[in-house]
Amino acid sequence: MTAHNQDLPVIVAGGGIGGLAAALALVRRGFTVTVLEQAPEIGEIGAGIQLGPNAFHAFDALGVGDKARGRAVYTDCMVMHDAIDETLVGRIDTGEAFRKRFGNPYAVIHRVDIHRSLLEGAQETGRVRFHTNTRVERIEQDESARTVTAIDQHGNRWMGQALIGADGGKSVVRTQYVNDPPRVTGHVVYRAVVERADFPKNLQWNAASLWAGPKCHLVHYPLRGGEQYNIVVTFHSRQQEQWGVTDGSKEEVESYFQGICPKARQLIELPKTWKRWATADREPIGHWVFGRATILGDAAHPTTQYMAQGACMAMEDAVTLGEALRVTHNDWDAALQLYQQSRVTRTARIVLSGREMGRLYHAAGVERLVRNALWKDRSQERFYDALEWLYGWNVSNCLQQG
């Protein structure tokens, strides 16, 4: 590393959860960071998300554990019911035994509250600069000087000693270096947040709750101290979908949930407005490093929502990048290779498991009966054993994990 590029910041493309987590990890390694965000302000949209113990390990490693914990709702269990006949398919307790096993809780939280926790942490360092209305359009690299330059839509040039592409599922950085097509799933997700006063009392459970139906499912859980409830419904679309977010319609939602039980059906009658996500993922790739540039979060491994791990994986990526820099004494070339080999297999497993979990949730006919029998009489310890690969991640084992 030359004296010149030691003075340069690290460029992070994207100011979402992954970008802010990356910025925090980099500051903890002694770098200054420039975050380039295409939106008019640094913020987050969306609704609720679920946080496994691995997410809290990441929060702690990034120095914002207390902030995130103060904004989360801690559930008693994760529970799945059959949406046709209300059968209890499976229940995983997330109380004391769960916390003891994995070293951290399971919780639900509003996406905005995760983002706020990370943003506050980044702002408090005084070493992260934010530039909004700045969309990275291409990357240039100078191998002799070991620098990376991001060029934005206005032609401005942002030079750094490395660049982290945390610019989401439609990543410009990934497109430039990989240019692989998205895999549009045909599964459509509707999300909404409802006030507690309007939410059915017979569904006000302190649980991450899922109703599994044929080619569809519904999810609900409390947010913000139980004052709100998150509702997510997913179905297989009848039409050709284009990856993106639009406003939804109650009429469309209702047309896909005709056969489900009245108790679950209450959920789709509640929201006054919906946001509609036509979902996609990409085939996992083995190469994330392109000179002094790399990708992180949805830019590296866009996935469906079925594993409830999108934000968690982005934060894990950031922590692992920071650890790779630590053990290589901030040697970018060595650190990026270590980061890549430590993350590719794990995140690919999330992407592929998400596809299989979607099939399981949406089983119909005899396959539905098999699904309902899978977890019958299973002990909590056996459930925890099955989740060890996912929730057992932490800072001490994050490098070179298979």
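1. Contact here means heavy atoms within 4.5 Å. On that basis Thr328, not counting residues up to four places away in sequence, touches Ala334, Ala335 and Leu338. Thr328 itself sits in the loop between α10 (310–327) and α11 (332–361), where helices (H or I, at least four residues) and strands (E, at least two) are DSSP runs numbered from the N terminus.

2. This is a predicted model, in which local features need pLDDT of at least 70 and side-chain atom pairs count only at pLDDT 80 or more, while totals for chains, interfaces and linings use all residues. Residues are numbered from 1 along each chain as its sequence is written, and side-chain values use heavy atoms, with hydrogens and water left out.

3. Thr328 is buried, with a relative accessible area of 17%; buried means under 20% relative accessible area, exposed over 50%, and partly exposed in between (1.4 Å probe, protein chains only).

4. Gln50, in strand β3 (residues 48–51), is likewise buried, at a relative accessible area of 17%. Leaving aside neighbours within four places in sequence, Gln50 is in contact with residues including Tyr106, Ala208, Tyr221 and Cys312.

5. The side chain of Gln50 also makes a polar contact with the side chain of Tyr106, at 2.6 Å; the term denotes a pair of N or O atoms within 3.5 Å where, within protein, one must be able to donate a hydrogen and the other to accept it, and residues adjacent in sequence count only if both atoms are side-chain atoms.

6. Helix α3 (residues 53–61) is largely enclosed by the rest of the structure, because seven of its nine residues are buried, among them Pro53, Asn54 and His57. Gly63, which follows α3, has a positive phi, near 85 degrees.
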